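Dear colleague,

Please find below the structure I am handing over to you. My findings follow directly after it.

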Amino acid sequence: MVSQDYIQKMETRQNYRNLWHTDLLHTIQADTPYCCFATFCSPCASYLLRKRALYNDMSRYVCCGGYMPCSGRCGESRCPEFCLATEVFCCFANSVASTRFMLQDEFNIQTTQCDNCIIGFMFCLNQIACIFSLVAMIVGSEEISEASHILNLLSDVVYCSVCACMQTQHKVEMDKRDGKFGPQPMAVPPVQVMSRIDQPYPPTVGYPPAQPQQAYGYPPPGAAPPQGYPAYPPPQAAAYPPPQGYSAYPPQGYPPAGYPK
């Protein structure tokens with residue numbers, strides 16, 4: 001009987017919002033060499049992936065990731081490497097699924113509908129092949145027996161292919177976790193400089209640096225002013241005639257005689 005804790009975990013996993021770095025249809029393109037390795041040496045790939053999922057800390061190892069009733073009861077604490085090797089060879093499907101659940105729970109990754117269809121098709125084909133094998137044993141028909149052999153072969157091919165793609169998917173996700181694809185999407189963004197985007201800026205934004213001529217106490221007394229600037233104070237004109245129509249000030253004879261100064 002399935003435990004309530006397991007059912008709760010499955011319900012929680014359905015509400016995850018993150019996605020795998022690559023789906024099952026594109027895992028061959030994402031990492032072709034590892035997909036071939038996982039196809040021809042599946043238990044070894046499962047062993048390495050589980051150890052990597054535990055950050056190479058085997059003291060954290062629990063049989064089947066703690067998702068099976070036998071988890072924690074197989075002496076994992078005494079010899080975790082041997083227990084993991086036994087798991088990947090004797091319970092290969094559970095070892096792949098356990099690593100998958102561990103990654104999903106750690107990074108809140110959901111399984112897309114496409115991945116669910118592929119995994120569901122694999123299980124359904126295995127069940128159909130098993131049913132045909134039982135029927136062929138009971139009836140003894142050569143035709144049904146031949147069909148059961150074909151279905152078993154087809155189900156084995158699909159099973160090995162899907163498991164290899166799942167293991168490659170796990171490997172690519174851990175490559176992303178370990179930063180092998182560069183900065184993470186949720187990394188702290190660089191410092192942004194606020195500026196107006198509706199007006200073009202000159203090459204130098206802000207106030208230009210102060211020139212030496214503008215500094216306090218410059219130019220020194222008696223020095224010539226910078227080119228383009230008038231001398232200050234302006235030199236007194238030798239003879240400054242008043243504008244036409246204006247008389248000289250003060251007028252001659254002013255103030256009148258006898259006016260107190």
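UniProt, in an unreviewed entry, lists residues 118–139 as "transmembrane region"; its positions are in the numbering used here, feature names are shortened, and annotations may be inferred rather than shown by experiment. Over residues 118–139 the chain is 100% helix and 0% strand, with 31 Å between the end C-alpha atoms. Helices (H or I, at least four residues) and strands (E, at least two) are DSSP runs, numbered from the N terminus.

This is a predicted model, in which local features need pLDDT of at least 70 and side-chain atom pairs pLDDT 80 or more, while totals for chains, interfaces and linings use all residues. Residues are numbered from 1 along each chain as its sequence is written, and side-chain values use heavy atoms, without hydrogens and water.

Of its 20 lining residues, Arg100, Phe101, Thr111, Asn116 and Ile119 are the closest to its centre; a lining residue has an atom within 4 Å of a point. At least two lining residues come from each of α1 (4–13), α6 (92–107), α7 (113–139) and α8 (142–177), and α6 gives the most, with 6 residues.

Cys91 lies in the loop between α5 (80–90) and α6. The C-alpha atoms of Cys91 and Pro43 are 9.5 Å apart in space, although the two are 48 residues apart in sequence.

With kind regards

Conventions
On a 1 Å grid over the protein atoms alone, a cavity is a set of points where a 1.4 Å probe fits but cannot get out, and a pocket is an open set with protein on both sides within 12 Å along at least five of seven lines; lining residues have an atom within 4 Å of a point.
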